[in-house]
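Please look over the sequence and the model first, then read the points below by topic.

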Amino acid sequence: MKFWIPILTIAFGTALAAEETSPDQQARFLAGLTVTEPALQALAAESSWQQHQREFNESWKKLQDGQLARIREWTPLTLGNDATSRDPLYYFFSGPDFLYANTFFPNATTYIFCGLEPVGSVPDVGTLPRGTLAPSLGNLRKSLNAVLSFSFFLTKEMKVDLRATQLSGTLPVLYVFMARTGNTIKSTELVSLNNNGEITTENAPTSGVKIVFSRESAPDQTLYNFSTDLSNQGIKNRPGFIRFCGKQGSGNSLVKAASYLMHMNEFSDSRDFLLATSKTLVQD
């Protein structure tokens, strides 16, 4: 196994529930990108969304120039064939950080994320109350400040931010990153894992989401993001996630801000799984 250590430096207006919009258009709206569906175009005409778009465009340009462009140069030179690997990508303690997972390993067939943060509801901006556009979009930008500036989320602050508006949980952030990295979301489904590691849409101990997406004409990719405790005791109480991972086979792994936890004996099961499963482990 190879180890590499790089340096990385919400509704809005009137209710429009009757007009269904695709998850991809919802994501583009939240990301400050042009939308084509009429229900969202009406909301995008509001000054608060246009301010959101301007601020996001500016932040994204700085991120691209300062961090992402350098990672895209670094990965093929350092990781070789692993940079284009279609193997599963394991990202423990990820939060909603699709941005860096997709930048390091853009071709992974399956992304498997896990953290303590709740997934939340599938975003539908047309059903949110009048007058919440500006604060909801402002809070979304606030929740992204740390990762856009420093490459990682501040967990305590994020827990507050992700509950501060009616667009709650990790899903709005995942949507933003998927849209901004040029991906098209094809479907979003709330799912759960039973203790045998089997996916179900019924109530089960470990909640999560399954998102199918693609980039231009590339094959479909799938992201699973689950909310669960990765400590040894947490895995003992709810073994579904680690058993689900075990069924995916060997792959690559990304470990970032919360990686210090796996130096502790209380997280040895998570650590041992990654060490046994990873072909390449990229750690910040």
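The model is predicted. Strand 7 (residues 221-227) pairs with strand 6 and also with strand 3. Helix 3 (residues 47-79) and helix 7 (residues 171-180) cross at roughly 65°. Helix 10 (residues 268-277) has five named residues that are buried: Ser268, Ser270, Phe273, Leu274 and Thr277.

**Paired strands**

- Strand 4 and strand 6 run antiparallel and are joined by nine bridges. In this pairing Ile185 stands opposite Phe213 of strand 6.
- Strand 6 (residues 206-214) is mostly covered, with seven of its nine residues buried.
- Strand 6 is also joined to strand 7 (residues 221-227), by seven bridges, and these two strands run antiparallel. Lys210 has Tyr224 of strand 7 as its bridge partner, and Ile211 has Leu223 of strand 7.
- Strand 3 (residues 110-115) pairs with strand 7 in the parallel sense, over six bridges. Here Phe113 stands opposite Asn225 of strand 7.

- Strand 7 is largely enclosed by the rest of the structure, because seven of its seven residues are buried.
- Gln221, Leu223, Asn225 and Ser227 point one way from strand 7, while Thr222, Tyr224 and Phe226 point the other way. The residues on both sides are all buried.

**The crossing of helix 3 and helix 7**

- The axes of helix 3 and helix 7 come within 13 Å. The crossing is right-handed.
- On helix 3, the contact is made by Gln53, Phe56, Asn57 and Trp60. On helix 7, it is made by Val176, Phe177 and Arg180.
- Sorted by class, the contact of helix 3 with helix 7 has four nonpolar, two polar and one charged residues.

**Helix 10 and Thr277**

- The buried residues of helix 10 are covered by elements that include strand 2 (89-92), helix 8 (232-237), helix 9 (240-246), strand 8 (251-255) and strand 9 (278-283).
- Thr277 is found in helix 10. Its relative accessibility is 11%, so Thr277 counts as buried.
- A polar atom of the Thr277 side chain lies 2.7 Å from the backbone oxygen of Phe273. Phe273 is also one of the buried residues of helix 10.
- Leaving aside neighbours within four places in sequence, Thr277 is in contact with Tyr90, Gly249, Ser250 and Gly251.

- Most residues other than glycine have a negative phi.
- Is Phe93 buried or exposed? Phe93 counts as buried, because its relative accessibility is 18%.
- Glu216 counts as exposed because its relative accessibility is 76%.

**Asn196**

- Asn196 is in the loop between strand 4 (184-193) and strand 5 (199-200).
- The relative accessibility of Asn196 is 45%, so Asn196 counts as partly exposed.
- Which residues does Asn196 touch, not counting residues up to four places away in sequence? Asn196 touches Arg243 and Lys247.
- Asn196 and Phe241 are 45 residues apart along the chain, and their C-alpha atoms are separated by 8.5 Å.

How values were computed: Residues numbered from 1 in each chain as written. Predicted model: local features only at pLDDT ≥ 70, side-chain atom pairs only at ≥ 80, totals over all residues. Heavy atoms only, no water. Helix = DSSP H or I, 4+ residues; strand = E, 2+ residues; numbered from the N terminus. Buried < 20%, exposed > 50% of the residue type's maximum accessible area, 1.4 Å probe, protein only. Contact = heavy atoms within 4.5 Å. Pairing = 2+ DSSP bridges. Axes fitted to C-alpha atoms, helices over the stretch in contact; angles between N-to-C directions. Left-handed = near helix turned anticlockwise from the far one by under 90°. Nonpolar A, V, L, I, M, F, W, Y, C, P; charged D, E, K, R; others polar. Polar contact = N/O pair within 3.5 Å; in protein donor to acceptor, adjacent residues only side chain to side chain.
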